[in-house]
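Here are my notes for you to read alongside the model. Have a look at it first, then work through the points one by one.

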Amino acid sequence: MSKMSSLHDALSLIAQAAPGAPQGGPKDMLIGMLPIILMVGQEDDAPGVVLIGLICIMAPLVTGVFAAVLQRLLQSAIELKSENDLTV
């Protein structure tokens, strides 16, 4: 099996993993890079490449989750404040 066909198979499996999700977003691009990084790490026998690749992929995802949690907390705090303003 050639490298290109295995890469194509890996990317097609990723595309089929979430059929209802919007395609082409930044998250999809970052997660789609994972098989490529893993293949480069196996070819060169360099675990540092895989580690750096995982850090580059996970950092924006963790930042996005943290921002979503803060947004949810801020919304609930605003709702609580507006409810408390209405009480006598």
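This is a predicted model: local features need pLDDT of at least 70, side-chain atom pairs count only at pLDDT 80 or more; totals for chains, interfaces and linings use all residues.

1. Start with the pattern: going along the sequence, the chain reads α-α-α-α.

2. Next, look at how much of the chain is covered up. Of its 88 residues, 10% are buried. The chain exposes about 7,100 Å², and 71% of that comes from carbon and sulfur atoms.

3. Now find the nonpolar patch on the surface. Val-65, Phe-66, Val-69, Leu-70 and Leu-73 make it, and it covers about 490 Å². Take Leu-73 from that group: you'll find it in helix α4, which spans residues 47–86. Is Leu-73 buried or exposed? Leu-73 counts as exposed because its relative accessibility is 51%, and the cut-off for exposed is over 50%.

4. How many salt bridges does a search of the whole structure find? The answer is 1. The partners are Asp-85 and Lys-81, whose closest N and O atoms sit 3.4 Å apart.

5. Stay with that pair for a moment. Both Asp-85 and Lys-81 belong to helix α4, and they are 4 residues apart, or about one turn of the helix. Why do we call Asp-85 exposed? Its relative accessibility is 54%, so Asp-85 counts as exposed. Lys-81 is exposed too, with a relative accessible area of 52%.

How values were computed
Residues are numbered from 1 along each chain as its sequence is written. Side-chain values use heavy atoms; hydrogens and water are left out. Patches are made of residues with over 30% relative accessible area and no salt bridge: like charges are joined within 9 Å, nonpolar side chains (Val, Leu, Ile, Met, Phe, Trp, Tyr) within 5 Å. Accessible areas come from the Shrake-Rupley method with a 1.4 Å probe; for residues, only the protein chains shown count as cover. A salt bridge is a side-chain nitrogen of Lys or Arg within 4 Å of a carboxyl oxygen of Asp or Glu. Helices (H or I, at least four residues) and strands (E, at least two) are DSSP runs, numbered from the N terminus. Buried means under 20% relative accessible area, exposed over 50%, partly exposed in between (1.4 Å probe, protein chains only).
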